[in-house]
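These are my notebook entries on one protein chain. I set down what I looked up, entry by entry.

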Amino acid sequence: MAELSFRQLRFVEEFVKCGVGTQAAKLAGYSCPKTAAMRLKKNPKIKSKLDELRQNAMQQAQLSLDKLIEELEEARQVALDKEMASAAVSASMGKAKLLGLDKPQKEHEDEKETDVPQILVKFVD
């Protein structure tokens, strides 16, 4: 497969950043960005390069997420070892937020949050 031109490559890079074809074409230097974006997005070489860059970006994001989770787990363990309950809870909640576990999960689209049973826990000395 032939290489992409400088402007085509710039279009792909900008499109991955912003997700807007017209804006990416404008930043890549095309004189008629709207038409260029429509044409470029249909080009098989462009599509292939976009897929490649998106895949790389997703892998990098996953590596970053994995690293953050690992660091929070290390912090949680240190907090537990030093009997710092509040720090351990904060680290656990940080992990939950990164994983999207801090929000109620709906099984059905039409289910409302108010349909989820509420549990009240009271701590007594």
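At what angle do the axes of α4 and helix α5 cross? I found that the axes of α4 and α5 (residues 85-98) come within 8 Å and cross at roughly 160°. I took axes to be lines fitted to C-alpha atoms, for helices over the stretch in contact, with angles running from 0 to 180 degrees between N-to-C directions. Helices here are DSSP runs (H or I, at least four residues), as strands are (E, at least two), and they are numbered from the N terminus.

**Entry 1: Basis of the work**

I note that this is a predicted model, in which local features need pLDDT of at least 70, side-chain atom pairs count only at pLDDT 80 or more, and totals for chains, interfaces and linings use all residues. Residues are numbered from 1 along each chain as its sequence is written, and side-chain values use heavy atoms, with hydrogens and water left out.

**Entry 2: The whole chain**

I counted five helices and zero strands in the protein chain, which reads α-α-α-α-α along the sequence. Of its 125 residues, 18% are buried. Buried means under 20% relative accessible area, exposed means over 50%, and partly exposed lies in between (1.4 Å probe, protein chains only). I also looked up contacts, meaning heavy atoms within 4.5 Å. Among those between residues at least 6 apart in sequence, 41% join residues at least 24 apart.

**Entry 3: α4 and α5**

I returned to the pair with which I began. α4 and α5 are roughly antiparallel to each other because they cross at roughly 160°. The cut-offs are under 35 degrees for roughly parallel, over 145 for roughly antiparallel, 65 to 115 for roughly perpendicular, and oblique for the rest. The crossing of α4 and α5 is left-handed, that is, the near helix is turned anticlockwise from the far one by less than a right angle, whereas clockwise would be right-handed. On the α4 side, the residues that make the contact include Leu65, Leu68, Ile69 and Leu72. On the α5 side, they include Ala87, Ala88 and Ala91. By class, the contact of α4 with α5 has eleven nonpolar, two polar and three charged residues. Ala, Val, Leu, Ile, Met, Phe, Trp, Tyr, Cys and Pro count as nonpolar, Asp, Glu, Lys and Arg as charged, and the others, Gly among them, as polar.

I then looked up Gln77, which is in helix α4. Gln77 is partly exposed, with a relative accessible area of 33%. Its C-alpha lies 7.2 Å from that of Ala88, eleven residues apart in sequence.

**Entry 4: The loop between α4 and α5**

Which residue did I look up in this loop? Glu83 lies between α4 and α5, and at 75% relative accessibility Glu83 counts as exposed. Phi of Glu83 is near 55°, a positive value in a residue other than glycine. For background, most residues other than glycine have a negative phi.

**Entry 5: Helix α3**

Which residues of helix α3 are buried? In α3 (residues 33-42) I found Pro33, Ala36, Ala37 and Leu40. Seen down the axis of α3, these fall within an arc of 100°, so they line one face of the helix; the arc is that of the directions from the helix axis to the C-beta atoms. The face turned away from the buried side carries the exposed residues Lys34 and Lys42. The cover over the buried residues of α3 includes α1 (6-18), α2 (21-27) and α4 (44-81).

Leaving aside neighbours within four places in sequence, Leu40 is in contact with Gln8, Phe11, Tyr30 and Ile46.

**Entry 6: Helix α1 and its partners**

The axes of α1 and α3 come within 11 Å and cross at roughly 90°, which makes α1 roughly perpendicular to α3. Here Gln8, Phe11 and Phe15 in α1 meet Ala37, Leu40 and Lys41 in α3.

The axes of α1 and α4 come within 10 Å and cross at roughly 45°, and α1 and α4 are therefore oblique to each other. α1 passes α4 in a right-handed crossing.

Lastly, is Glu14 buried or exposed? Glu14, found in helix α1, counts as buried at 11% relative accessibility. Not counting residues up to four places away in sequence, Glu14 touches Gly19, Ala24 and Leu27.
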